[in-house]
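Reader: I'd like a close look at the aromatic pairing in this structure, and at the strands around it. Please take me through it step by step.

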Amino acid sequence: MTEVVHTPRVFSGIQPSGGLTLGNYLGAMKRFVDMQGQGVETIYCMVDLHAITVWQDPAKLAHATRELCAGFIAAGIDPAQSILFNQSQVAEHTQMAWIFNCVARMGWMQRMTQFKDKAGKNAQNASLGLFAYPALMAADILVYHATHVPVGEDQKQHLELTRDIAIKFNNDFGTEFFPITEPVIEGAATRVMSLRDGSKKMSKSDPSDMSRLNLTDDADTIAKKIRKAKTDPEPLPLDIEGLEDRPEARNLVNIFAALNDQGVEDVMRDMGGKAFSEFKPMLADLAVAKLSPISGEMDRLMQDPAEIDRILANGADKARGIAAPILKKTYEIVGMVGAGA
Ligand code: TYM
């Protein structure tokens, strides 16, 4: 068989589960913006169907979806350059997900650490959707034949599963139809940690709001959270090696580097040896300078929800244009009568 070469295409998604954190921004959104306009098609999705794998209040879900769209645009995603849409408007995602539910194995899903974390002690009471979540995620990606998926470190296992699903489908049906997707986990902020505990990921579900920066925080709140961020009593070390075993210091340096588009080495060159009493105000100023314009623009965009809905509907049309023929071909490969018509 001649090897199929898939055209590069970028896809990624973010859940509209309420509130965007600095982790979402640095680990994902900012990098989505960097990938835009590089000559490769970029597709970014608000994954509302993923969000409802745990309970979502309907009014809040709708608000969070629009707010996330505003966040994408405020961060620099241009709906004319990237396809920007919400998942539930493109039925091909769930149609493809069913096929993948029949490809993926129970044992694969049971190994997913995110399921174990989210289901907690009472896994029997978790939704079936939460268990099947990674198959829908594979569908999100593969229904566009996406080749590159920028994400934070926490999504690595799900992307390995996406590759496993593509490989098994291709093997089972004797085809090279699906690309074997590359995760793109790069930069200083692939895992932004809690401001209160350097061993925990910064997350919107952490009960303490002091543990995270939200994209909607005002300047005073940002400054206060950074001032109060947990650190050790030593000044910053002189080089990167000195950050080992100092997770809180490492996290603040990583955040500084990512916000300032610098390498960690460069930050250490400028900041090494400084006390936190000196470094933290500099980090706070930088965070305010980078994040405040985004939250201001989000507020402005949220004044006109009808315009946001138009952008999402338009993005969904474009997304469907790519997904529909790929789904049709998949059905044909699987043997569904009528798919080839
Ligand atoms: P979600 O909504 O939890 O997070 C969205 C993106 O933000 C990244 N992220 C972080 N990066 C660095 N540090 C952190 N503390 C941090 N917290 C979150 C995540 O890694 C992610 O890239 N399953 C996905 C959504 C999804 C998806 C997809 C992603 C659904 N289908 C297809 C890519 C392709 C999720 O729950 O992300």
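Predicted model: local features only at pLDDT ≥ 70, side-chain atom pairs only at ≥ 80, totals over all residues.

Author: Happy to! Residues are numbered from 1 along each chain as its sequence is written, and side-chain values use heavy atoms, with hydrogens and water left out.

Let's begin with the rings. Searching the whole structure turns up 11 aromatic pairs (rings of Phe, Tyr and Trp, the last by its six-membered ring, with centres within 6.5 Å; planes under 30 degrees apart are stacked, over 60 edge-to-face, the rest tilted). One of them joins Y44 and F72: the ring centres are 6.3 Å apart and the planes meet at 15°, so this pair is stacked. Because Y44 belongs to strand β2 (residues 41-46) and F72 to helix α3 (residues 58-75), the pair ties together parts that are 28 residues apart in sequence. Helices (H or I, at least four residues) and strands (E, at least two) are DSSP runs, numbered from the N terminus. Y44 has 0% relative accessibility and therefore counts as buried; F72, also at 0%, is buried.

A second pair to look at is F169 with F178, whose centres are 4.9 Å apart and whose planes lie at 75°, so they are edge-to-face. Both F169 and F178 are buried. These two residues also belong to one aromatic cluster, together with F100, F173 and F177.

Now back to Y44 and its strand. Across from Y44 stands L84 in β3, and the strands β2 and β3 pair in the parallel sense over four bridges (pairing requires at least two DSSP bridges). Strand β3 (residues 83-86) is covered on both faces, with I83 and F85 buried on one side and L84 and N86 buried on the other.

β2 has another partner, β1, which it meets in the parallel sense over six bridges. There, I14 stands opposite M46 in β2. Strand β1 (residues 9-14) is mostly covered, with five of its six residues buried. Finally, β1, helix α1 (residues 22-35) and β2 form a right-handed β-α-β unit: with the strands pointing away from the viewer, the path from the first strand over the helix to the second runs clockwise.

How values were computed
Buried < 20%, exposed > 50% of the residue type's maximum accessible area, 1.4 Å probe, protein only.
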